[in-house]
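Please read this briefing with the sequence and the model open side by side.

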Amino acid sequence: MNARADSVRAVSAKLAVRGLTHRYSMGTPPTELTVLSRIDLEIARGEFVCIIGESGCGKSTLLRMMAGLLMPSEGEVLHDGTRVRGVRHELGFVFQQDAVFPWLTVEKNVAYGPKSRGVPKAERERLVAHWCEAVGLTAFRKAFPKQLSGGMRKRVDLARAYANSPDVLLMDEPFAALDVQTKAEMQDAVLDLWKSTGKTVVFVTHDLDEAVFLSDVVVVLSSRPGRVHAIVRSTLARPRNGETRVGDAFAVAKRTLWTTLQQARGRAVAPAKARQAPPTTTERA
């Protein structure tokens with residue numbers, strides 16, 4: 001009965017991780033380093049999920065396994081109940097570093113994925129027009145990446161990812177190198193795209209403000225080897241905007257994440273002041 005229930009849950013989840021452990025071989029003679037241990041996760045259709053944890057806990061490694069860029073030592077990743085065994089266009093990926101092709105214009109960067117998949121020219125042109133407009137780059141379609149700011153290049157990354165018709169978008173600290181104002185603008189853009197498309201998004205970040213602002217759910221990983229320490233569900237209302245960032249509920253949600261992250265690192269945390277509002281619900285995984 002339990003095996004059947006697990007099977008039903010795996011199929012109903014948009015993205016599921018089952019018993020995932022990963023090890024790297026290091027040094028001479030080689031020794032094994034366990035980066036992730038016994039990860040179990042279920043991500044529902046249309047959710048915006050952030051993953052946080054201290055440096056080296058395996059966040060990016062986990063994301064790459066969700067995308068099929070790496071294969072786990074043990075366990076599996078399931079997309080709509082089907083095991084992920086390699087890269088597929090349904091699982092889009094946005095890297096931390098610029099991933100645009102410097103020798104291609106904005107519109108040719110956006111068209112690259114659909115063209116590689118054999119999408120007819122008329123449909124490619126429609127996709128390019130739609131996604132360039134969606135990320136505010138219509139006026140820059142003929143520009144080369146070197147002519148764009150860092151924030152605009154990230155918009156190209158987003159447009160290119162969405163133009164390839166992903167079912168799930170996986171994002172690995174895509175805005176880490178941006179200044180505060182540009183990062184906030186890109187976060188707004190990501191939420192607008194998420195709202196308009198209904199796609200499932202999994203987003204790795206070190207920035208607690210970013211995790212609070214973007215997410216429905218935050219997965220908190222423990223120190224290496226990374227395990228699911230806690231799952232924190234947001235109580236912040238949507239839509240979110242600049243006012244959200246300065247509200248009392250945002251501050252409470254950020255403290256909850258900060259406290260949970262310190263606990264995941266094995267550090268003692270002083271209790272919150274009695275005058276604070278009740279924290280966001282935290283579910284121990």
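## Briefing on the predicted model

Gly-118, which comes just after helix 3, takes a positive phi of about 80 degrees; helices (H or I, at least four residues) and strands (E, at least two) are DSSP runs, numbered from the N terminus. This is a predicted model, in which local features need pLDDT of at least 70 and side-chain atom pairs count only at pLDDT 80 or more, while totals for chains, interfaces and linings use all residues. Residues are numbered from 1 along each chain as its sequence is written, and side-chain values use heavy atoms, with hydrogens and water left out.

**Overall make-up**

- The protein contains 9 helices and 11 strands, and 47% of its 285 residues are buried, where buried means under 20% relative accessible area, exposed over 50%, and partly exposed in between (1.4 Å probe, protein chains only).
- Among the contacts in the protein with a separation of 6 or more, 71% join residues 24 or more positions apart, a contact being heavy atoms within 4.5 Å.
- About 14,300 Å² of the protein is accessible surface, and carbon and sulfur atoms contribute 52% of that area; accessible areas come from the Shrake-Rupley method with a 1.4 Å probe, and for residues only the protein chains shown count as cover.

- In helix 2 (residues 59-67), which is mostly covered, 7 of the 9 residues are buried, namely Lys-59, Thr-61, Leu-62, Leu-63, Met-65, Met-66 and Ala-67.
- The buried residues of helix 3 (residues 106-116) are Val-106, Glu-107, Asn-109, Val-110, Ala-111, Gly-113 and Pro-114, and their cover includes helix 4 (121-134) and helix 5 (150-163).

**How helix 5 packs against its partners**

- The axes of helix 3 and helix 5 come within 7 Å and cross at roughly 30 degrees, where axes are lines fitted to C-alpha atoms, for helices over the stretch in contact, and angles run from 0 to 180 degrees between N-to-C directions.
- That angle makes helix 3 roughly parallel to helix 5, because angles under 35 degrees count as roughly parallel, over 145 as roughly antiparallel, 65 to 115 as roughly perpendicular and the rest as oblique.
- The crossing of helix 3 and helix 5 is right-handed, the term for a near helix turned clockwise from the far one by less than a right angle, whereas anticlockwise is left-handed.
- Val-106, Asn-109, Val-110 and Pro-114 of helix 3 make this contact with Val-156, Ala-159, Arg-160 and Ala-163 of helix 5.
- By class, the contact of helix 3 with helix 5 has 6 nonpolar, 1 polar and 1 charged residues; Ala, Val, Leu, Ile, Met, Phe, Trp, Tyr, Cys and Pro count as nonpolar, Asp, Glu, Lys and Arg as charged, and the others, Gly among them, as polar.
- Helix 5 also packs with helix 6 (residues 180-197), at an angle of about 15 degrees and with the axes 10 Å apart, which makes helix 5 roughly parallel to helix 6.
- The crossing of helix 5 and helix 6 is right-handed, and the residues in contact include Leu-158 and Tyr-162 of helix 5 and Met-186, Leu-193 and Trp-194 of helix 6.
- The contact of helix 5 with helix 6 has 7 nonpolar, 3 polar and 3 charged residues.

**Backbone features to check**

- Most residues other than glycine have a negative phi, and most peptide bonds are trans.
- Arg-38, in strand 2, has a positive phi near 50 degrees and counts as exposed at 56% relative accessibility.
- Asp-80, in the loop between strand 4 (74-79) and strand 5 (82-83), has a positive phi of about 55 degrees although it is not a glycine, and it counts as partly exposed at 32% relative accessibility.
- The peptide bond from Thr-28 to Pro-29 is cis, with omega near -5 degrees, and Pro-29 lies in the loop between strand 1 and strand 2 (31-43).
- The peptide bond from Arg-224 to Pro-225 is also cis, with omega near 0 degrees, and Pro-225 is found in the loop between strand 9 (217-221) and strand 10 (228-233).

- Ala-16, in strand 1 (residues 15-26), counts as buried at 0% relative accessibility, and its C-alpha lies 5.7 Å from that of Val-77, 61 residues away in sequence.
- Leaving aside neighbours within four places in sequence, Ala-16 is in contact with Leu-41, Glu-42, Glu-76, Val-77 and Leu-78.
- Gly-266, in the loop between helix 9 (248-264) and strand 11 (282-284), is exposed with a relative accessible area of 67%, and its C-alpha is separated by 8.3 Å from that of Ser-222, 44 residues apart along the chain.
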